[in-house]
Each structure stands twice: as structure tokens, then as C-alpha cells.
Amino acid sequence: MREYIFYFLAFVSIISALMVVFSKNPIHSVLYLVICFFSIAGHYLILNAEFLAVVHVIIYAGAIMVLFLFVIMLLNLNKESEPHKPAIIKFASVISGSLLVLVLVAALLKSENLNLPASTHPSMHSIGMVKDLGKSLFTDYLLPFEISSVLFLSAMVGVVLISKKEA
Amino acid sequence: MIALEVVDILSNPVNKYVYLSIILFCIGVMGVLMRRNAIIILMCVELMLNAANLLLVAFSAYQGNVEGQMVVFFVIVVAAAEVAVGLALLISIYRNLSSTDVNLLNKMKG
């Protein structure tokens, strides 16, 4: 059962990722990216990482994608404004993307050490739950957690300064 | 034969996630190379970040190790800040050029 859910979610995420790249209208790209992020959250759920699934949906689908939509509607880009591109560039980028897949898969097949022992099935332990992650976050990772708040403050100040008219 | 090797490797459950995230990452690379709209390029960068996140979560879940999921948490934090700054830059580019085409950004002849 878990296998079938995995293959269904993988199919959905790959198709929607391809539609992000190939759709003409930027609004459609954003909506397909939302579908892709929901399917990745589904992958997190079947990996028993529930906290990350919830955080992923809240931050990506809830905050970042809304930001993208706001900017697209603010800049009035919701039409096919992109000039026609020579077909050779599309062809070359598809070819180079496929070659990158080929190189990575070949490197994976040739490596013998990467067959890590998958001894523990994700459903046997509960490391993805809020309790364990929170314990680790507030003991071992307390310093990065606090530094990320400084990062957010500086990002906020930077965004306000950059997007201000007549800086 | 190489097809037999693929089937053999798919029997290890982590490898499915490795292949899936390779494919998602390369779709992101393809989008960055193909599109000229800067917003789509930023979205493809998000796609690549998510492919790496998926791989980290898969390894962390199958190893029973909490550290991978903590790294993913911080990657999500940094990605949120990055998107905010990137979109602000995009708005100021649009004010100057009235377009978000990256081919017009050749003032520095890079």
C-alpha cells in the first residue's frame, strides 16, 4: 500500500514539476508548483516526518507561494509576456537536463558504498514527531535556531530597503 | 545489464527517493536554463531546494537519525528569507526595466 502511494505521489510531483517549467502563464506555473509542494508534503507524511510535512505546507504552500502570486499580480505578469524563444535553446536545455540525470544515475549505479542499510523502516521509530524534533531543536540546535531569527530580521530590513521607492 | 541493476537497486527503499529527487533536481536545472522570466527561474530554484530536502528527509527517516530533519528545517527557514529578498529585488528590477526578462539584465556585460 505504501508503495502505491509513493508511486502515485512521485508521478504527481514529477508531472507538476514539468508543468511548472513548460507552462506559458506564470500563474499556472505557481499553481502547479503548489501541487508539487503538496505532493512532496505527502512524501514527508509517508516517511513519518509529520512535523516537517505540516511546516512544509504552512511555509511553502501558505507563505512563499502567496508571495509569488502577489508579486505576479502586482507586476501584472499574468499573461504570456515572455517573448518567443528559439527552439534550439529549449532543445539544448532539455538535452542538458537529461544528460545531468544520466550522469547522476550512472554515478549512483557505479557506487557500491551508497547502498546504505535500510534496516529501520520509518514507521518503526518516531523521530519525525514534534516531541523528538523539539527536544533536539532546543538542545543541540539552539544556536542555529537563534541565529535564524537574526537572519529573518536582517532579511526583513533588507527587503524593506530594497523594495522602497527612491532609496 | 543496466536494467537489471536498476531493478535491483529499486529494491532498497531509500533508492526510490534518490531517483525521485535526482529527477526533480534536474527538472529544476532544466527550468533555470530554459526560461527567461526571472520569477519562473526563482520557482525552479525552489524546486531544486525541495529535491534536496526530500533526499535529506528520506535518509534521515530510514536511518532513524534526527539530524537530517533538523537540516531540512533550517533549509526551509533560509529558503523563506531567500524568496523574500529575491522577490524584492525582482520588484526593483521591474521598476527600472518594466520587465522581468533576465536577458535584458546585461548592463554589466557579464
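## Helix α2 of chain A

In this predicted model, helix α2 of chain A runs over residues 26–46, and its 21 residues reach 31 Å from the first C-alpha to the last, close to the 30 Å expected at 1.5 Å a residue. The helix is mostly covered, with 15 of its 21 residues buried.

Both ends of α2(A) can be described in some detail. At the N-terminal end the cap is A:N25, a side-chain oxygen of which lies 3.2 Å from the backbone nitrogen of A:I27, while A:N48, which follows the helix, has a positive phi, near 70°.

## Extent of the interface

Between the two chains, 70 residues of chain B are in contact with 80 residues of chain A, and the area buried between them is about 7,000 Å², with carbon and sulfur atoms giving 77% of that area. B:M34, B:M43 and B:Y62 together supply 9% of the area that chain B buries against chain A, which is more than any other three residues.

## Polar links and composition

The count of salt bridges between chain B and chain A is one, formed where the side chains of B:K16 and A:E3 meet at 3.0 Å, N to O. Seven residue pairs are counted in polar contact between the chains, both residues being at pLDDT 80 or more.

On the side of chain B that touches chain A, the elements giving two or more residues are α1 (2–10), α2 (13–34), α3 (38–63) and α4 (67–97) of chain B, and α4(B) provides the largest share, 22 residues. By residue class, this side of chain B divides into 49 nonpolar, 13 polar and eight charged residues.

Note on methods
Residues numbered from 1 in each chain as written. Chains lettered and ligands numbered in written order. Heavy atoms only, no water. Contact = heavy atoms within 4.5 Å. Buried area = accessible area lost by both parts, 1.4 Å probe. Salt bridge = Lys/Arg side-chain N within 4 Å of Asp/Glu carboxyl O. Polar contact = N/O pair within 3.5 Å; in protein donor to acceptor, adjacent residues only side chain to side chain. Helix = DSSP H or I, 4+ residues; strand = E, 2+ residues; numbered from the N terminus. Nonpolar A, V, L, I, M, F, W, Y, C, P; charged D, E, K, R; others polar. Expected span 1.5 Å × (residues − 1). Buried < 20%, exposed > 50% of the residue type's maximum accessible area, 1.4 Å probe, protein only.
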